[in-house]
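Please view the sequence and the structure together before turning to the points below.

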Amino acid sequence: MEYRELGKTGKLVSIIGLGLEHVDFKPYAQVEETIDAALEYGVNLLDVFMPGTEVREYTAKALKGRREKVMIQGHFGSIDVNKTYGISRDIPTVKKYFEEMLRLFGYIDFGMLFLIDTEDEYNKVFDSPFIDYVQQMKQKGDIHHIGFSSHNPEIAMKIINTGVAEMMMFSINPAFDMLPFDEFVFDHQDDLGRELFRGLDPKRAELYKLCIKNQVGITVMKTYGGGKLLSPEHSPYSMPMTHSQCIHYALTRPAVASVLPGCKTAKEVHETMKYLTASETDKDYTRIISETPNDFKGSCVYCSHCQPCPSGIDIAAVNKYLDIARLDRDNLPPNLRSHYQALDGEECIGCKGCEVRCPFGVSIVECIAEAKELFGGNKNITHKES
Ligand code: SF4
Ligand code: SF4
């Protein structure tokens with residue numbers, strides 16, 4: 001397992017965590033085998049948004065003696081309404097559910113403001129005693145960090161700009177990234193399943209930039225688009241994606257530390273963890289995107305199909321930082337420069353092997369030169385002077 005720092009929380013989380021949503025209403029033995037399997041692979045991040053008492057108790061029981069080995073995302077405002085999930089911002093109700101989590105788990109690592117997708121929900125959280133309650137919980141040490149979950153990039157940016165959140169859980173997959181956020185991707189196919197791919201949604205690009213700038217780490221939900229990207233009938237692409245391709249796409253987005261697929265059996269955990277040993281070819285998602293009509297000519301999608309570079313340059317990472325910098329060249333986030341400076345690699349020899357391999361026609365040598373100019377150079381990655 002690989003571990004990444006989750007933004008300014010400073011916590012090292014497994015690149016694949018476990019969303020426990022799908023073990024809800026399942027027998028204890030199934031919850032236990034799923035958690036056991038995940039921990040054996042080194043998973044140390046669990047998402048527990050389900051408000052039901054039983055699934056929480058089963059999760060706590062399965063973790064008995066191992067609580068310290070994992071970090072838990074627990075959600076403020078997730079409630080149970082006749083055995084379905086609901087949202088509440090009413091303090092006595094929120095307290096009742098959250099204090100139940102504390103009783104079971106002792107403390108919560110990431111106290112999440114649950115699903116803020118609209119202005120109205122934003123106001124109900126930030127212009128109310130709700131946010132005061134959450135901050136008090138942090139001061140008391142009952143939660144260690146404040147995060148939030150959202151599907152809406154505009155609202156997510158608004159929350160990040162409050163400065164309260166250190167991390168967020170956000171829905172990320174190629175289909176969601178490439179449409180305006182207020183459109184539902186699976187409703188936008190023509191008869192041939194074309195016309196969806198208009199380039200990265202600028203609002204989402206802006207959100208990723210803000211996350212880098214403010215060191216807000218991302219954990220990912222909807223990695224498989226609710227399973228639709230894996231399905232031949234429902235995929236918006238000409239063929240379904242694989243688990244590894246979806247995971248790799250999410251993990252190659254800026255600021256992403258971990259994906260949290262929802263597994264409900266040990267078998268599903270094993271299937272998911274094939275990513276850890278998958279070859280670069282198995283993880284490569286470019287074929288899916290490039291064979292479908294799209295607007296990506298010249299735009300990097302961070303897929304690393306251009307590797308290997310004889311100079312050891314992580315071209316996708318350079319382009320990722322460059323794209324974020326291009327959004328606002330005059331106000332480069334300092335940590336963006338330091339991320340760039342920390343990259344390994346030697347001088348670009350201008351061989352252009354990468355450009356031949358790139359399916360999207362990116363002018364990589366020019367990008368490396370532009371990155372050098374914008375970030376003031378890197379002792380390792382330099383551009384061959386002409
Ligand atoms: S330059 Fe091309 S091949 Fe390399 S990461 Fe970007 S899109 Fe992929
Ligand atoms: S042109 Fe530069 S970045 Fe591309 S493969 Fe050659 S050395 Fe690497």
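This is a predicted model: local features need pLDDT of at least 70, side-chain atom pairs count only at pLDDT 80 or more; totals for chains, interfaces and linings use all residues.

Residues are numbered from 1 along each chain as its sequence is written, while chains are lettered from A and ligands numbered from 1 in the order in which they are written.

**The sheet**

- Eight strands form an open sheet with parallel pairing, in the order β3-β4-β5-β8-β9-β10-β11-β12. Strands (E, at least two residues) and helices (H or I, at least four) are DSSP runs, numbered from the N terminus, and two strands pair if DSSP finds at least two bridges between them.
- At the edges lie β3 (18-19) and β12 (256-259), each of which pairs on one side only.
- Four bridges join strand β4 (residues 45-48) to strand β5 (residues 71-76) in the parallel sense. V48 has G74 in β5 as its bridge partner.

**The shell around ligand 1**

- There are 14 residues around ligand 1, and C300, C303, H305, C306 and C358 come nearest. A residue is near a molecule if its C-beta atom, placed from the backbone, lies within 6 Å of it.
- Helix α13 (residues 315-327) gives the most to this shell, namely three residues.
- By class, the shell holds eleven nonpolar, three polar and no charged residues. Ala, Val, Leu, Ile, Met, Phe, Trp, Tyr, Cys and Pro count as nonpolar, Asp, Glu, Lys and Arg as charged, and the others, Gly among them, as polar.

**The shell around ligand 2**

- Of the 15 residues around ligand 2, the nearest are C309, S311, C348, C351 and C354.
- Two or more residues of this shell come from each of α15 (353-357) and α16 (364-375); α16 has the largest share, with three.
- The shell divides into eleven nonpolar residues, three polar and one charged.

**Helix α6**

- P153, A156, I159 and I160 are buried in helix α6 (residues 153-162). Buried means that 20 or more other C-beta atoms, placed from the backbone, lie within 10 Å of the residue's own, and exposed means 12 or fewer.
- Exposed residues N161 and T162 are carried on the face turned away from the buried side of α6.
- After α6 comes G163, with a positive phi near 80°.
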